[in-house]
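Thanks, everyone, for making the time. I would like to walk you through one model this morning, going from its sheet to the helices and then to a single side chain.

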Amino acid sequence: MTEPSPAAVDVVLPCLNEAAALPWVLARIPPHWRAVVVDNGSSDGSAWIAEAHGATVVHESRRGFGAACHGGLKAATAGIVCFCDCDASLDPGLLPALVREVTLERAELVLGRRRPAGPGVWPAHARVGNLALSRMVRNRTGLRLHDLGPMRAARREALLGLGLTDRRSGYPLEMVVRAADAGWRVREMDVPYLPRAGKSKVTGTWRGTWQAVRDMRAVLALPPPLPNGGEVP
């Protein structure tokens, strides 16, 4: 089976004050792929830095990780879309391996399973929260996943068809739940988890982590989507 040309991939990078990490992240985008940086109200010049490094910049006024991700998905035009944090904790140069699984039709959604590259990279409270979510996902969907990390790849039109509605921290989880509801094959691939630049907006504190877990519980309680696949803007 023939894989698509490299130009057929857009990489969505949700961004809130990531000026320190952006140059490294954008330099790691595979050649001929398009970086779509979604600025979610940065005050540190992130949008300007992204443009200076050749990225397409989308401005999303609605605050929230999910709002930024979905804004990037809607702005993307390539047949395949990848998502990746732009805090330098994940290497976009590893995305072709995930995309390959989609293009070869081995899976409809491929997730990067984070593997800490050193001690202290992934705080204990964040690992515990991730484990709890993975178990809840297994109970809700039957998927035996180990991580719900932000690095992933799928086909754009199929993602839009899932009718995702969360616009906060539950967006990545809702994508997995809706994919399972739709009968998608969801696969994990190991990726190194690196020290991020700056403090995490979610996993930097116990409060932030468990706030996200609480929000994601609401996602897990969502009923199956409507047949028409309707979504909120």
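Before I come to the strands, one definition: two strands are said to pair if DSSP finds at least two bridges between them. What you see is a predicted model, and in it strand E4, residues 80–83, is joined by four bridges to strand E6, residues 152–155, the two running antiparallel.

Stepping back to the whole sheet, it is open and has seven strands, in the order E3-E2-E1-E4-E6-E5-E7, with mixed pairing. Its edges are strand E3 (56–59) and strand E7 (186–193), each of which pairs on one side only, and from one strand to the next the twist averages 20°.

Now to the helices: helix H3, residues 65–75, lies across strands E1, E2, E3 and E4 and runs at about 155° to E1, while helix H7, residues 171–181, lies across E4, E5, E6 and E7 and runs at about 135° to E5.

Let me finish with Leu 73, which belongs to helix H3. Is Leu 73 buried or exposed? Leu 73 counts as buried because its relative accessible area is 0%, where the cut-off for buried is under 20%. If we leave aside neighbours within four places in sequence, the contacts of Leu 73 are Val 12, Val 81, Phe 83, Arg 156, Leu 159, Leu 160 and Tyr 171. Finally, Leu 73 and Asp 10 are 63 residues apart in sequence, with 8.9 Å from C-alpha to C-alpha.

Note on methods: Residues are numbered from 1 along each chain as its sequence is written. This is a predicted model: local features need pLDDT of at least 70, side-chain atom pairs count only at pLDDT 80 or more; totals for chains, interfaces and linings use all residues. Side-chain values use heavy atoms; hydrogens and water are left out. Axes are lines fitted to C-alpha atoms, for helices over the stretch in contact, and angles run from 0 to 180 degrees between N-to-C directions. Contact means heavy atoms within 4.5 Å. Buried means under 20% relative accessible area, exposed over 50%, partly exposed in between (1.4 Å probe, protein chains only).
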